[in-house]
Amino acid sequence: MATLSDRLDHILGAKAAASLADAFDMHTVEDLLRHYPLRYATQGQPLTEEAPEDGSHITVIGRITKAELRPMRNRRGSLLKVVLDTGAGRGVDVTFFHGDKVKYVVREGLRAMMSGTVNYWRPGQWNLSHPGYLILPEADGDDSVGSLTKVRGGGDLRGLAESAKGAGGVDTSFMEREFIPVYPATAKVQSWDVLACVRQVLDQLDPIEDPLPEAMRAERALLNLSDALRLIHLPDHKSDIDRAEDRLRFDEALALQLVLAERRHEVSGRSARACPPRTDGIAAAFDRRLPFELTAGQKQVVGEISADLSGEQPMHRLLQGEVGSGKTIVALHAMLQVVDAGLQCALLAPTEVLAAQHYRSLRGMLGELGAAGELGAAEHATRVVLVTGSMSASAKKAALLEAVTGEAGIVIGTHALIQDNVEFFDLGMVVVDEQHRFGVEQRDALRAKAKAGASPHLLVMTATPIPRTIAMTTLGDLETSTLTELPKGRSPIVSKVVPRRQHPNWVDRAWERIVEEVTAGRQAYVVCSRIGDDEEGTGKSRNGRSKSRDGEKDGPTTQAVLDVFETLRGGPLSGVRVGLLHGRLPADEKDQVMRAFNDGSVDVLVCTTVVEVGVDVPNATVMVIVDADRFGVSQLHQLRGRIGRGTHPGLCLLITDAAPGGSAMARLDAVATTTDGFELAVLDLRTRREGDVLGAAQSGTARSLRLLSLLDDLEVITAAQEFARTVVESDPGLTRHPGLASMMHAAVDSERLEYLAKS
């Protein structure tokens with residue numbers, strides 16, 4: 001007999017266990033049983049939707065209504081053209097190459113299962129080409145059509161039948177199941193290999209001691225774990241699948257929340273220096289000199305953060321808000337409250353452009369309050385210094401000296417702040433801007449620079465709105481503050497899609513609009529998706545097209561910022577002052593260009609996404625995004641937020657070659673029709689397959705969650721969070737709950753759990 005914790009090599013043998021370990025990182029019985037089916041083949045029905053994606057791998061079951069041998073047109077040999085009636089309203093067209101070899105097996109009237117890759121030869125018409133196939137016995141057991149002892153088939157599905165073959169022949173009872181599981185597979189470990197292992201393990205599995213308390217299962221009407229794991233793999237009815245998924249979905253939510261609850265408990269055990277607000281300090285003086293009134297939302301968040309800073313446990317808070325909602329001024333107020341307590345603050349930014357922007361912005365907002373030691377400084381002034389990797393040795397030495405002596409109350413920098421030679425006199429708070437750009441090791445390295453025995457307060461900020469379920473599941477150890485209200489004086493932004501292929505003259509009009517705005521005394525951005533032809537690893541040819549390994553062109557044209565800059569400067573924008581900014585420029589040149597754009601001596605900034613976050617030029621009113629379909633939804637929203645920051649309305653033009661009616665054009669239309677960042681964030685996550693937000697990769701090529709939807713399962717996540725926090729509060733480390741600890745690691749991909757544990 002077997003238990004969930006048993007090693008697979010003890011149950012399946014060394015060869016099969018090694019294959020599963022290499023393909024899926026499975027080592028225990030629980031690892032295997034948590035590898036749930038992707039879907040189920042059902043008798044007489046297709047596995048997937050009626051219009052599957054081109055290139056997807058599907059399996060269908062039905063009756064062969066046509067099997068016609070035809071000669072190939074351009075070479076020797078024949079094709080077998082087959083129609084498989086799945087009972088779903090239309091036949092599936094199937095083509096077998098070398099048709100003369102299969103014509104004696106694949107015949108009209110037989111029931112068959114076929115599995116292959118979907119090809120669309122023309123719109124709306126798809127075909128399976130040379131699929132794996134298996135001739136099925138009739139449900140009534142008529143031996144004249146389907147042998148009970150001989151496997152007749154080819155390709156992948158022959159292996160499926162062989163996995164069901166025992167001493168007495170093919171297990172027809174299994175082949176005739178209403179639901180046949182189809183598993184995530186690799187080239188070396190196919191679905192039927194997994195199925196054979198699962199069946200072998202289930203045959204030997206002891207009753208499982210359920211890690212969930214009976215009261216919790218009863219409250220949520222959840223199956224016990226033994227039944228859920230059996231029914232997810234071998235269901236008899238659709239209701240079996242639904243009930244099993246309900247239980248196992250909760251397990252996934254609980255696994256995530258247990259990680260976060262442990263992290264939250266660990267933070268709560270630390271101590272921090274209390275920084276209560278003062279009525280006679282620099283924070284109060286800053287409030288008095290503000291030329292405008294904070295929004296109601298800003299006031300509320302300032303109060304929340306102030307209360308956190310007043311305690312002796314380290315603040316651990318996320319500040320999220322719409323583009324331009326005023327996060328920076330809220331963070332500055334918090335830093336000044338810490339400075340009032342005699343401590344220092346570090347602000348970590350992901351790029352030198354953004355770090356320099358923060359430095360200029362904070363110095364500008366503070367005025368004489370940020371000029372300690374200088375002529376005309378205010379009574380309670382502090383100093384603000386900038387530390388970046390590209391600074392001159394003398395400038396960096398001076399900044400580091402002010403940090404270590406305590407003269408600088410606020411130290412702003414990039415990854416350079418994390419280096420060993422950077423020391424603080426008494427670090428009391430760390431602010432991380434655009435938190436998703438930093439790993440936890442980097443944040444912890446900065447927090448470790450505080451004096452021994454005390455943890456600095458932590459404020460992480462993001463301008464990418466995070467839907468509530470995502471925040472609960474990936475940032476559940478953080479308290480969350482959200483700014484949704486834009487400050488008074490912010491102007492509306494109108495966005496328009498410019499389809500370059502259909503209306504090339506609209507592109508000309510876009511450049512004219514920029515000239516009109518510049519003539520009226522305002523400024524503009526032109527944003528491109530890449531730098532230039534010599535980018536390493538981009539796979540781009542000199543004309544901007546993607547290239548395959550054999551050098552063939554296989555992708556749409558994209559325009560490089562270097563080319564666009566030269567074209568505009570010598571053509572449509574020849575009459576205005578055009579600047580160039582991208583990530584490969586030397587740091588001093590980047591800073592020089594941004595200063596020129598800030599002070600108005602550059603009218604149009606042609607750039608890459610280095611301006612995506614934090615850059616604040618109120619006089620910029622137009623943004624043209626070239627090849628807009630190459631950007632994500634949230635990224636477009638962030639870029640668009642660089643305009644309309646002053647008293648004049650903003651105009652964002654999205655130039656694209658995307659086909660009308662396609663998914664790329666639909667994304668751009670969505671961006672153009674709403675400025676609600678949370679709505680766009682949900683769309684972006686659905687587009688990228690939201691399960692992958694748990695991992696560092698953002699491509700959406702693989703889902704780490706198997707059943708849980710971070711966007712749709714709020715109620716499940718909330719219940720799991722409450723239960724996880726209760727358990728961890730009474731049993732940190734889960735030493736008294738080994739079943740929950742084991743489930744935590746098996747229910748969710750181990751790499752994603754490690755990522756969460758470090759985030």
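Which residue in S22 is the bridge partner of Val578? The first view below holds the reply. The model is predicted: local features need pLDDT of at least 70, side-chain atom pairs count only at pLDDT 80 or more, and totals for chains, interfaces and linings use all residues. Residues are numbered from 1 along each chain as its sequence is written, and side-chain values use heavy atoms, without hydrogens and water.

**View 1. S21 runs parallel to strand S22 (residues 604–607)**. The two are joined by 4 bridges. Val604 is the bridge partner of Val578. Strands (E, at least two residues) and helices (H or I, at least four) are DSSP runs, numbered from the N terminus.

**View 2. An open sheet of 6 strands, with parallel pairing**. The order is S19-S24-S23-S20-S22-S21. Paired strands have at least two DSSP bridges between them. Strand S19 (493–499) and strand S21 (578–581) stand at the edges with a single partner strand each, so one side of each lacks a neighbour in the sheet.

**View 3. The largest nonpolar core, with 53 residues**. Such a core is a set of buried Ala, Val, Leu, Ile, Met, Phe, Trp, Tyr and Cys residues joined through side-chain atoms within 4.5 Å. Buried means under 20% relative accessible area (1.4 Å probe, protein chains only), exposed over 50%, partly exposed in between. Phe250, Leu254 and Leu740 have the most contacts inside this core. A second, separate core has 41 residues, including Ile410 and Val431.

**View 4. Buried residues of helix H11 (residues 282–289)**. Ile282, Ala283, Ala284, Ala285 and Phe286 are buried. The buried residues of H11 pack against helix H13 (327–340) and helix H14 (352–366); contact means heavy atoms within 4.5 Å.
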